[in-house]
Amino acid sequence: MSSASSRKSIPTKVIAEIGVAAALSWVLGMVRLFKMPQGGSVSLEMVPILYMAFTRGVYPGLLSGLIAGVLDLVTATSEIIHPMQAVLDYVLASTALGIAPWLSFGRGWWRNLTGAIGGTLAGFVFHFLSGYIFFGQYAPEGTPAWLYSLTYNATYYLPKIIVTVMVVVILMQKGVLRPEDGDSNKRGGNGRG
Amino acid sequence: MNFANAAVGQYMPGESLMHRLDPRTKMLVSLGIIIVLFVVSNPLAYALLAVPIVLAIAISGVPVKLVFRSLRPLTFIMVLTFVLHLFMDPGEALFSIGRITATDQGLRLGIVTVVRLTLLVLATSIVTMTTSPIAFTDGLERLLAPFARLGLPAHELAMMMTIALRFIPTLLEETDKIMKAQMARGADFESGNIAKRAKAMIPILVPLFVSAFRRADELAVAMEARCYRGGEGRTRLRELAFSGEDLAVLIVAGAYTVAVAVAL
């Protein structure tokens, strides 16, 4: 947990936003965009966390990820085979998304693009570690555990990164979501399909 | 597009001892049991650790069928682990199918892993099934309170958790409504490649985000209008009370768990 910003009091508005962002992440996790052949599914649960990180900063981003991760654990939508695996796969992987702004370059949509890629890759590191440590035993004989974890995680995480990054960049680009804009754009979106 | 299991958490209201216990007691005891589960590897120890879990399920009055339903998401992984252990581990041959051979060591390790996972899931499920999410976050806040000195925003974290839990049903409904509205206008979420589907989500996400963050804004105003100013000095309608029952359970269960860990 971020000890760097110790005892910094968080504004009520940001507390409420983090709570809502975590709930949004949970809800979007329920909406399966695409089912992968081997069982994983692609959904957009990382989008609200990245959104918080970009609009409110790294610390609120980290907290949103942390709450979203714990929420997954508490509501038992998760697969747990070991306490440490749960911490890596659910808590740390989603918290790590919050550092997206630190991993971004440039300005405007370029910043969002690089940051979103960086943040999702930071999350991937924890899934990879969990796979390496706890699921390595399932690797077929002759395959090193790290390679198994890398390929297994990449098969579902890579499409997830692409989709998440795409959606985040479009959302931020639309500018609809900057809370300062208030109500002006609530009819955004081109629902005509 | 489907909402997999829209029921948030698995809380089953009730009046049993398990329900009455302070969430902190339940969390600490189940955490202790889980830690010991991963420390020991002796079949007898698992049998002994199963006793408090079975006892807790029995007195909770939660239908056994519902408790065991929580194992379902893990069925695949358990079967896989069991089979892999059975055929991959060294040891004396039991039987063989073609070129692969099942070993006695594999059978033993396979059973141990499956039992360990089962107990882990049962121990956590029985706690979440008898503790309301709000009581759970309250307990979490109190357990984390000592770390507040080190800069951990324990109260704020609990508040965010509570808000998130409160908003999940609202936002689920909202998402459903927006999706139906867009579908009525001809939106198509079910076809096309992955990029196309992601793009199709934008008309859902924009109104969803706007309305969700507007709700957050209104909530913050409402909180401040009621003089919310963080954790210090805040009072509660329902205080967590650590009763004699809690102390007794904590001591008995704690001593039992430690004894199992030490003896085996």
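The following questions and answers concern a predicted model.

Local features in this predicted model need pLDDT of at least 70, side-chain atom pairs count only at pLDDT 80 or more, and totals for chains, interfaces and linings use all residues. Residues are numbered from 1 along each chain as its sequence is written, chains are lettered from A and ligands numbered from 1 in the order in which they are written, and side-chain values use heavy atoms, with hydrogens and water left out.

Me: In what order do the elements of chain A run from the N terminus on?
Reply: Helices (H or I, at least four residues) and strands (E, at least two) are DSSP runs, numbered from the N terminus. Chain A has six helices and two strands. From the N terminus on, the order is α-β-β-α-α-α-α-α.

Me: What percentage of the residues in chain A is buried?
Reply: A residue is buried under 20% relative accessible area, exposed over 50%, and partly exposed in between (1.4 Å probe, protein chains only). Chain A has 193 residues, and the buried share of them is 55%.

Me: Which residues of H2(A) are buried?
Reply: Helix H2 of chain A covers residues 47-56 and is mostly covered, as eight of its 10 residues are buried. Contact means heavy atoms within 4.5 Å. The buried residues pack against helix H1 (12-30), helix H3 (58-74), helix H4 (83-96), H5 and H6 of chain A together with H9 of chain B. They are Val47(A), Pro48(A), Ile49(A), Leu50(A), Tyr51(A), Met52(A), Ala53(A) and Phe54(A).

Me: Which residue forms a salt bridge with Arg56(A)?
Reply: A salt bridge is a side-chain nitrogen of Lys or Arg within 4 Å of a carboxyl oxygen of Asp or Glu. For Arg56(A), the closest N and O atoms of the pair are 2.6 Å apart. The pair links distant parts of the chain, from helix H2 to helix H1 of chain A, 39 residues apart.

Me: Which residues touch the most other members of the largest nonpolar core?
Reply: A nonpolar core is a set of buried Ala, Val, Leu, Ile, Met, Phe, Trp, Tyr and Cys residues joined through side-chain atoms within 4.5 Å. The largest one has 121 residues, and those touching the most other members are Leu44(A), Val167(A) and Phe209(B).

Me: Which helix gives the most residues to this core, and why does the core lie between two domains of chain B?
Reply: Domain bounds come from an automatic or database domain assignment. Domain 1 (1-131 + 238-264) and domain 2 (150-233) of chain B both give residues to the core, so it lies between them. The C-alpha centres of these two domains lie 33 Å apart. The helix that gives the most, with 15 residues, is H9 (residues 194-225) of chain B.

Me: With which residues is Leu44(A) in contact, leaving aside its neighbours within four places in sequence?
Reply: Leu44(A) is among the residues that touch the most other members of the largest core. Its contacts in chain B are Met201(B) and Leu205(B). In chain A, they are Leu28(A), Leu33(A), Val163(A), Thr164(A) and Val167(A).

Me: Which residue meets Arg215(B) in a salt bridge?
Reply: The N to O distance of this pair is 2.7 Å. Arg215(B) lies in helix H9 of chain B and its partner in helix H8 (residues 154-184) of chain B, so the pair ties together parts that are 41 residues apart in sequence. Arg215(B) is partly exposed because its relative accessible area is 29%. The partner, which counts as buried at 14% relative accessibility, is Glu174(B).

Me: Which helix supplies the largest share of the nonpolar patch?
Reply: Patches are made of residues with over 30% relative accessible area and no salt bridge, with like charges joined within 9 Å and nonpolar side chains (Val, Leu, Ile, Met, Phe, Trp, Tyr) within 5 Å. This patch consists of Val125(A), Leu129(A), Tyr132(A), Ile133(A), Trp146(A), Leu147(A) and Leu150(A), with about 600 Å² of accessible area together (Shrake-Rupley method, 1.4 Å probe; for residues, only the protein chains shown count as cover). Helix H5 (108-134) and helix H6 (145-174) of chain A each supply at least two residues. The largest share, four residues, comes from H5(A).

Me: Is Trp146(A) buried or partly exposed?
Reply: Trp146(A) has its place in helix H6 of chain A. Because its relative accessibility is 45%, Trp146(A) counts as partly exposed.
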